Amino acid sequence: MSIFLKDWRQVAVLSSTWSLLLVGLVVWMPSNASPQELRVSEESFGCILDMPKVRNTRFKHADPEKLKEAMRIFRSSEPDKEYPVGTILQLVPFEAMVKHPHEKFPKSNGWEFFALEVSETGTTIIDRGDDNVLNVLLKAPCLSCHQPAAKFDFVCEKGHGCAPLSIDDQTIAELQKADLRWTKK
Ligand code: HEC
């Protein structure tokens, strides 16, 4: 009997040591591991027509729940909301915004702007970054136009304070339909 009890005590001591170790690991891990790097390459972009849309804007996220969250934030147009890291937004096939953690691009709260070239064979990244990327047609930096919408996490849409685009909704829809990447399938 006494042996039995002793064993149980040992098990109890051992398992509490393990729980302490586990708690220690859980506490230790996030502070030591570097935040997951979001890698964005030409393969990250696909045909804009495969992406779900809200009004004019197309959405992509590897995690279906975060995709829903991004679409919900956009739809409700609420200020002071942040899009989930990993969100890709596109209005036209040749431009994109990708959300990284804030520290990666502090000037744009983590957004990286992309100028893309699109063909039947896929996507080529022409330029990427925060304040250096130019809109090819307008010759204006992406960030300069998107800056007034900082309260809406730099998403311009309509009524968020950005200078309007020179193209109307119908032209935007036509540009989306003209995405050549669908022919690749
Ligand atoms: C002349 C100002 C201007 C410039 C320059 C500009 N944008 Fe925009 N952008 C807008 C406006 C306005 C909208 C909203 C259009 C709409 O939904 O009708 C928009 C929409 C977008 C959207 C959809 C999400 C949103 O913010 O509404 C993306 C993605 C985007 N732009 C990326 C870019 C990228 C990348 C560049 C640079 C290569 C760029 N833009 C340059 C004004 C601009």
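# Contacts, sheet and ligand shell

Q: Which model and numbering apply here?
A: The model is predicted: local features need pLDDT of at least 70, side-chain atom pairs count only at pLDDT 80 or more, and totals for chains, interfaces and linings use all residues. Residues are numbered from 1 along each chain as its sequence is written.

Q: Back to V155: which residues of the largest nonpolar core touch the most other members?
A: V155 is among them, with A96, M97, V98, F113 and F114, in a core of 19 residues. Such a core is a set of buried Ala, Val, Leu, Ile, Met, Phe, Trp, Tyr and Cys residues joined through C-beta atoms within 7 Å. "Buried" requires 20 or more other C-beta atoms within 10 Å of the residue's own; exposed residues have 12 or fewer, and partly exposed ones lie in between, with C-beta atoms placed from the backbone.

Q: Which elements supply at least two residues of this core each?
A: They are α2, β3, β4 and β5. The largest share, 4 residues, comes from β5.

Q: How many helices and strands are there?
A: The protein has 4 helices and 6 strands. These are DSSP runs numbered from the N terminus, with helices (H or I) of at least four residues and strands (E) of at least two. In order from the N terminus, the elements are α-β-β-α-β-β-β-β-α-α.

Q: What order do the strands take in the sheet?
A: The 6 strands form an open sheet in the order β1-β2-β3-β4-β5-β6, with antiparallel pairing. The edge strands, pairing on one side only, are β1 (53-54) and β6 (122-129). Helix α2 (residues 64-76) packs on the sheet and touches β1 and β2; its direction makes about 155° with that of β2. Axes are lines fitted to C-alpha atoms, for helices over the stretch in contact, and angles run from 0 to 180 degrees between N-to-C directions.

Q: How many bridges link β1 and β2?
A: The antiparallel pair of β1 and β2 (residues 57-60) has 2 bridges; two strands pair if DSSP finds at least two bridges between them. K53 stands opposite R58 in β2. The hairpin has 2 residues between the strands, and R55 takes a positive phi near 50° there.

Q: What is the bridge partner of R58 in β3?
A: It is Q90. β2 and β3 run antiparallel and are joined by 3 bridges.

Q: Why is β4 described as largely enclosed by the rest of the structure?
A: Because 4 of the 5 residues of β4 are buried. β4 is joined to the antiparallel β3 by 2 bridges, with I88 partnered by V98, and 4 residues separate the two strands in their hairpin. With β5, β4 pairs in the antiparallel sense over 5 bridges, and K99 has W111 as its bridge partner.

Q: Changing topic, which residues come nearest to the ligand?
A: Of the 26 residues around the ligand, these are E95, A140, C142, C145 and C156. Elements giving two or more residues to the shell are β3 (88-90), β4 (95-99), β5 (111-119) and α3 (142-146). A residue counts as near a molecule if its C-beta atom, placed from the backbone, lies within 6 Å of it.

Q: How do the residues of that shell divide?
A: There are 18 nonpolar, 5 polar and 3 charged residues. Ala, Val, Leu, Ile, Met, Phe, Trp, Tyr, Cys and Pro count as nonpolar, Asp, Glu, Lys and Arg as charged, and the others, Gly among them, as polar.

Conventions: Contact = placed C-beta atoms within 7 Å.
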